[in-house]
Amino acid sequence: MSTAVDSISHEHGDYAGSKIGMWLFLLTEIVLFGGLFLLYSVFRSSNAVAFHNAATELNAGIGALNTLILLTSSLAMALAVSAVQKGEVRAATVSLSVTIVLGLVFLVSKYAEWSEKIHHGIYPNSPELGLRDYGEGLFYSLYYVMTGLHGLHVLGGIVALIVMLVLLRRGAVGRDDFAKIENTGLYWHLVDLIWIFLFPLFYLIT
Amino acid sequence: MSFYGEESRYPGILSWIFSTDHKRIGLLYLITMLLFFATGATLGILMRLELIAPGSTIMEATSYNAVFTLHGVIMIFLFIIPGLAAPFGNFFLPLQLGARDVAFPKLNLLSWWFFVGGGAIVLSSLFVGEGPPDTGWTIYAPYSIRTTSAVSLAVFGVFVIGLSSILTGINFLTTIHRMRAPGMTWFRMPLFIWSLYATAWVQVIATPVIGITLLLVILERTLGIGFFDPAKGGDPLLFQHLFWIYSHPAVYIMILPAMGAVSEIIPVFARKSIFGYKAIAISSVAIAVVGYLVWGHHMFTSGISYEARLAFSLFTFLVAIPSGVKVFNWVASLYKGSIELSAPMLYTLAFIFLFSIGGLSGLVQGALVTNVHIHDTYFIVAHFHYIMFGGAAFGFFAALHYWYPKMFGRMYDRKAAKAAWFIKFIGFNVLYFPMFVLGWQGMPRRYFDYLPQYQDLHMISTVGSWILVTGLIIMFANLIISLRHGAVAGANPWKAATLEWQVPSPPPPENFAEIPTVTSGPYDFGRFRDK
């Protein structure tokens with residue numbers, strides 16, 4: 001009887017429940033981005049040549065570097081989760097910190113990339129794009145909206161990771177209660193995964 | 001001790017708005033939603049008054065555009081989409097499952113805050129910027145991109161409300177999967193829970209689509225990204241697709257929980273187990289699945305391909321099947337029952353009648369040929385008011401009268417409740433039935449003015465709105481007065497068999513002193529026979 005009360009007053013007592021909730025949340029994220037992927041596919045099919053031309057202006061090298069950064073951060077995240085499950089607080093702290101730093105590096109690099117493009121007059125509704133084919137404008141609008149929304153998710157992920165770091169130091173996340181950090185990890189991997197789709201769609205298909 | 005007397009860390013009203021108790025959150029939703037409903041109904045009355053005669057009667061054309069937009073936005077996003085799921089779902093889902101709360105109580109409170117915050121943002125668009133939104137609730141591009149009214153603000157409010165809806169969906173799905181009492185198998189769950197389950201899936205899978213669409217409208221207006229703007233190579237049709245990919249399934253978010261409540265009420269007041277339990281349960285899920293594939297029927301005249309129209313028309317006819325399954329099962333449940341015509345049952349019978357008219361008129365629109373004739377006419381207005389008001393809102397009132405004694409521990413005046421029901425039923429039909437005829441004759445929807453030949457029917461309709469509001473006022477007065485002065489209801493005034501009626505009214509703070517073990521289905525009335 002008392003265990004039943006505990007499992008309810010303690011909302012994190014139900015490990016499977018928190019997992020179900022997280023996976024459902026990730027599903028909503030996929031549908032959210034899905035709307036944009038839908039727009040991308042429609043506009044790509046109707047503006048194939050313009051999309052090709054516009055994509056050649058993006059620097060695939062920087063895109064690849066960003067991909068590498070995020071993939072490495074996902075590795076660090078996975079190591080952090082596994083360290084927490086084993087109760088290795090020190091190793092978990094290091095791995096989490098590495099994840100956070102890599103996330104920040106990604107955002108800085110994204111910022112530099114955006115600034116460079118905006119500096120060259122390439123941004124939604126810009127006079128420069130107005131001179132070109134409609135499709136190039138749509139391509140760059142999609143580029144800014146999709147990488148922008150993705151960047152916001154990275155930012156949100158970093159905030160969540162910092163919270164996890166604090167909870168880990170306080171002992172609120174540990175070998176006995178690792179659902180929170182696992183869920184944060186799932187979120188981080190999803191954000192990574194979305195980038196894995198954005199990278200070829202914008203940088204590689206030329 | 002009931003949950004009203006529960007000790008709280010906070011004093012006064014703070015003990016409500018910071019409570020994570022599902023019952024308090026349910027009542028918070030109920031109160032806020034009814035306030036929004038009153039606002040929307042007032043706007044509706046003003047619209048009807050304007051339309052009593054051709055030309056300008058009480059407002060100008062631009063005000064009329066704003067009024068019908070806000071009437072739609074408020075009624076749809078702030079009343080009928082949270083609908084029965086948010087207030088009654090929150091209050092009764094854990095009680096019916098035999099649980100002490102939902103799976104994520106804090107998230108539940110956050111959902112209510114998002115709901116109220118989003119609602120406040122939507123209403124603030126009335127007073128900020130260059131006038132309230134005038135686009136209609138569908139915010140179709142490209143007009144919604146070009147108008148100078150406060151569209152961005154209203155749209156952002158709806159986005160926040162969408163977050164609330166998503167979080168509630170996640171919460172309910174997890175709760176239903178994880179927190180059923182021992183012995184509460186899937187096919188022993190009350191049908192209201194089945195309907196909440198189907199609804200929650202639609203909320204989770206469909207709502208993010210409107211989320212991203214609304215964000216794009218804001219970006220379109222602020223940055224000029226051009227996705228929906230033909231001047232920049234974009235396509236307004238894409239907006240319509242994205243909008244209806246959510247907004248059609250949203251119709252099922254509105255109606256499914258009402259169907260669930262009706263399925264609870266019928267067996268209790270017919271004193272008979274429900275006919276076709278599994279068929280009703282599965283048809284809820286079937287409606288959710290097929291309802292996701294019919295959005296194109298809103299766009300038959302928008303210029304989509306013939307093949308697409310054919311497919312969407314076919315699915316539209318298919319989605320009527322599970323709805324029909326429900327209606328036939330309800331009627332079969334009444335057959336040879338010992339029917340007691342209390343207020344909840346009267347609302348339920350009105351629901352079946354009005355929903356059937358609404359549903360069948362929906363098929364008239366789902367057929368490609370007739371659709372062209374009646375598209376964007378009053379026929380559509382009549383149809384969706386029969387579904388949303390006659391269906392979902394009458395279902396809401398049925399649930400309100402059914403669960404009122406459980407929520408508040410007191411019984412309303414039953415005669416006044418029946419009188420209010422009768423007046424509303426008459427008023428509703430006088431208000432909305434003429435619109436079918438008006439639409440068939442060619443009266444376009446959303447028009448401020450009309451030709452003299454439509455005046456008679458418009459006048460009848462406006463008179464109907466007065467009757468309907470009279471009924472609403474009597475109903476709310478009765479329910480509010482009875483909060484203090486009603487007779488004490490007792491734990492189980494309807495002799496219902498589901499779990500929420502087996503605890504005191506109003507329920508204690510943690511619902512169950514001991515988590516019950518379930519050994520029979522939800523509509524097994526055998527145990528009352530000996531008494």
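# A tour of chains A and B

Start by selecting Lys495(B): this residue is partly exposed, with 14 other C-beta atoms within 10 Å. (With C-beta atoms placed from the backbone, a residue counts as buried when 20 or more other C-beta atoms lie within 10 Å of its own, as exposed when there are 12 or fewer, and as partly exposed in between.) Residues are numbered from 1 along each chain as its sequence is written, chains are lettered from A and ligands numbered from 1 in the order in which they are written. The model is predicted: local features need pLDDT of at least 70, side-chain atom pairs count only at pLDDT 80 or more, and totals for chains, interfaces and linings use all residues.

Lys495(B) belongs to the segment after strand E2 of chain B. (Helices, H or I with at least four residues, and strands, E with at least two, are DSSP runs numbered from the N terminus.) In the segment after E2 (487-488) there is also Pro506(B). A cis peptide bond with omega of about -15° links Ser505(B) to Pro506(B).

Next, go to Ile139(B), in the loop between H5 and H6 of chain B. Its phi is near 35°, again positive in a residue that is not glycine. Is Ile139(B) buried or exposed? Ile139(B) is buried, since 23 other C-beta atoms lie within 10 Å. The loop between H5 (105-124) and H6 (143-146) also holds Pro142(B), which is joined to Ala141(B) by a cis peptide bond with omega of about 0°. As background, most residues other than glycine have a negative phi, and most peptide bonds are trans.

**A buried proline**

Select Pro190(B), found in the loop between helix H7 (151-178) and helix H8 (191-223) of chain B. Why does Pro190(B) count as buried? Pro190(B) is buried because 30 other C-beta atoms lie within 10 Å. Apart from neighbours within four places in sequence, Pro190(B) is in contact with Gln96(B), Glu264(B), Thr498(B) and Pro522(B). (Two residues are in contact if their C-beta atoms, placed from the backbone, lie within 7 Å.) Glu264(B) is 74 residues away along the chain, yet the C-alpha atoms of Pro190(B) and Glu264(B) are separated by 7.1 Å.

Now select residues 455-485 of chain B, helix H16. With 31 residues at 1.5 Å each, H16(B) should span 45 Å, and its end C-alpha atoms are 45 Å apart, so the two agree. (The expected span is 1.5 Å times one less than the number of residues.) Among the buried residues of H16(B) are Leu457(B), His458(B), Gly464(B), Leu468(B), Met475(B) and Ser482(B). The buried residues of this helix pack against helix H2 (22-50), helix H14 (378-408), strand E1 (410-411) and helix H15 (414-441) of chain B.

Color Ala261(B), Phe351(B) and Ala398(B): these touch the most other members of the largest nonpolar core, a set of 224 residues. H14(B) gives the most to this core, 23 residues. (A nonpolar core is a set of buried Ala, Val, Leu, Ile, Met, Phe, Trp, Tyr and Cys residues joined through C-beta atoms within 7 Å.) Beyond four places in sequence, the contacts of Ala398(B) include Ala261(B), Ile265(B), Tyr347(B) and Phe351(B).

**Chain A**

Switch to chain A, which has eight helices and zero strands. Its C-alpha atoms fill a box of roughly 70 × 35 × 25 Å along the principal axes. Of its 206 residues, 38% are buried.

The average is 92, and 94% of the residues score at least 70. Residues 1-12 stay under 50, and the model has 14 contacts for them beyond four places in sequence. Where pLDDT is low, the predicted coordinates should not be read in detail.

Select helix H4 (residues 60-86) of chain A: its 27 residues at 1.5 Å each should span 39 Å, which agrees with the 39 Å between its end C-alpha atoms. Its buried residues, among them Gly63(A), Asn66(A), Leu70(A), Met77(A) and Val84(A), pack against H5 (89-119), H7 and H8 (179-204) of chain A. Just after H4(A), Gly87(A) has a positive phi of about 85°.

**Where the chains meet**

Finally, show both chains: 27 residues of chain A are in contact with 32 residues of chain B. On the chain A side, H1 (2-9), H2 (15-46) and H7 (134-170) each supply at least two residues. The largest share, 14 residues, comes from H2(A).

Terms used
pLDDT is the predictor's confidence in each residue, from 0 to 100.
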